[in-house]
Amino acid sequence: MIGTPSADENLARLRLLRRAKDLMDRDWAEPIDLDAVAAHAGYSRYHFIRLFKQAYAETPGQYLSRRRVERSQELLRSANLTVTEICVAVGFESLGSFCTRFKQVTGQTPTEFRQAALRDRPAPIPGCFVLLWAGGFRNPGATFEKADDPPAS
């Protein structure tokens, strides 16, 4: 029957959208394929975008970039990383798009935000610790092999 969905159908739809949103929250720093996220929720790409916007008042791309900006704000406040390193760490592909989106969300450039946030605050965490924690030193081709036993004496 074509018409307005029932309460059970709406609830089922919201559960599927929530699964997709949880996937984006979990893998926010990785490149995310919208087709894969939509498939995870069980919808086609464009139907998923339309339903997501109806439910959350923003498209999946807007939601993901806003979440990435929120995470970059925390790194700008606490880590001693360059803006470019933070841009890459939170999953933006270009510094220009990161700065533009950051300014749209916060009203400041990343550098202005950092300067305002660091006034009267403790020294930031060294960037190498943040990259280690965030997996920035990962080498996907590296393997860990057991070292040879030391020679018998």
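Is C87 buried or exposed? In this predicted model, C87 is buried, with a relative accessible area of 2%. The nearest cysteine sulfur to that of C87 belongs to C99, and at 7.0 Å it is too far away for a bond. A disulfide calls for two cysteine sulfur atoms within 2.5 Å, and the structure holds zero disulfides. C99 itself counts as partly exposed, at 27% relative accessibility.

Buried residues make up 28% of the 153 residues of the protein chain. Among contacts with a separation of 6 or more, 58% come from residues 24 or more positions apart.

One helix pair deserves a friendly introduction. Two packed helices are described by the angle between their axes and the distance between the axes. Helix α4, spanning residues 60–78, packs against helix α6, spanning residues 95–106, at an angle of about 90 degrees, and their axes are 10 Å apart. That angle makes α4 roughly perpendicular to α6. On the α4 side, the residues that meet α6 are Q62, S65, R66, V69, S72, Q73 and L76, and their partners in α6 are F98, R101, F102, V105 and T106. Sorted by class, this contact of α4 with α6 has five nonpolar, five polar and two charged residues.

A pair of aromatic rings is described by the distance of the centres and the angle of the planes. Across the whole structure, six aromatic pairs are found. One of them joins F48 and F52 in a tilted arrangement, with 5.7 Å centre to centre and 55 degrees between the planes. Tilted is the label here because 55 degrees lies between the cut-offs of 30 degrees for stacked and 60 degrees for edge-to-face. Both residues lie in helix α3 (residues 45–56), where F48 and F52 are four residues apart, about one turn of the helix. F48 counts as buried at 0% relative accessibility, and F52 likewise counts as buried at 0%. F48 and F52 also belong to one aromatic cluster together with Y56 and Y63.

Technical notes. Residues are numbered from 1 along each chain as its sequence is written. This is a predicted model: local features need pLDDT of at least 70, side-chain atom pairs count only at pLDDT 80 or more; totals for chains, interfaces and linings use all residues. Side-chain values use heavy atoms; hydrogens and water are left out. Axes are lines fitted to C-alpha atoms, for helices over the stretch in contact, and angles run from 0 to 180 degrees between N-to-C directions. Helices (H or I, at least four residues) and strands (E, at least two) are DSSP runs, numbered from the N terminus. Angles under 35 degrees count as roughly parallel, over 145 as roughly antiparallel, 65 to 115 as roughly perpendicular and the rest as oblique. Contact means heavy atoms within 4.5 Å. Ala, Val, Leu, Ile, Met, Phe, Trp, Tyr, Cys and Pro count as nonpolar, Asp, Glu, Lys and Arg as charged, and the others, Gly among them, as polar. Buried means under 20% relative accessible area, exposed over 50%, partly exposed in between (1.4 Å probe, protein chains only). Rings of Phe, Tyr and Trp (its six-membered ring) pair if their centres lie within 6.5 Å; planes under 30 degrees apart count as stacked, over 60 as edge-to-face and the rest as tilted.
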